[in-house]
Amino acid sequence: MANKKGKGKGPGSNVIAQNKKARFEYHIDESFEAGLVLAGWEVKSLRAGKAQLTDTYILVKEGEAWLLGSHITPLNTASTHEIADPSRTRKLLLHRKEIARIFSRSQEKGHTCVPLKLYWKGNKVKCELALVTGKKLHDKRATEKDRDWQRQKGRIMREHTKA
């Protein structure tokens with residue numbers, strides 16, 4: 001059965017790339033869906049899953065939102081007449097009200113905006129971005145502890161159902 005929600009990155013999933021580090025490093029306050037302005041070679045690379053979102057962030061400048069630091073590796077069969085820049089700044093397509101909200105919230109102390117994942121929605125590439133606040137060290141430890149407990153609980157349940 002195909003995964004319609006895009007929860008994983010396996011076959012049949014519509015997720016291209018995830019920023020797993022962002023969920024560990026930040027508390028997610030509010031999320032948005034944005035379109036992406038891409039070149040043809042970038043779309044082909046994304047279909048092949050050649051994207052990376054680590055150390056990526058959103059910048060709002062002159063009423064427009066931009067995706068900085070993302071890396072899309074060009075394919076070997078990319079166009080010969082166009083020079084492929086894998087880490088170029090890409091424009092995000094959002095409504096004016098959303099851009100204003102992101103800009104005002106990211107000006108507050110401790111707040112920033114980061115991309116969470118790239119995914120397919122139909123034949124279009126979308127970027128899920130979120131307004132976030134940084135976690136303190138004790139919050140990160142609590143997240144790690146909770147993750148370990150969930151893993152251990154799953155093991156116990158599997159052991160119990162086998163017997």
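Student: How many bridges join strand β2 to strand β9?

Tutor: This is a predicted model, in which local features need pLDDT of at least 70, side-chain atom pairs count only at pLDDT 80 or more, and totals for chains, interfaces and linings use all residues. Residues are numbered from 1 along each chain as its sequence is written, and side-chain values use heavy atoms, without hydrogens and water. Strands (DSSP runs of E, at least two residues) and helices (H or I, at least four) are numbered from the N terminus. β2 (residues 26–36) and β9 (residues 124–134) run antiparallel, and the number of bridges joining them is nine.

Student: Which strands stand at the edges of the sheet?

Tutor: Two strands pair if DSSP finds at least two bridges between them. Seven strands form an open, antiparallel sheet in the order β1-β8-β9-β2-β7-β5-β4. Two of them have a single partner strand each, so one side of each lacks a neighbour in the sheet. These edge strands are β1 (15–18) and β4 (57–61).

Student: Which residues of helix α2 are buried?

Tutor: Buried means under 20% relative accessible area, exposed over 50% and partly exposed in between, with a 1.4 Å probe and protein chains only. In α2 (residues 40–47), the buried residues are Trp-41, Glu-42, Ser-45 and Leu-46.
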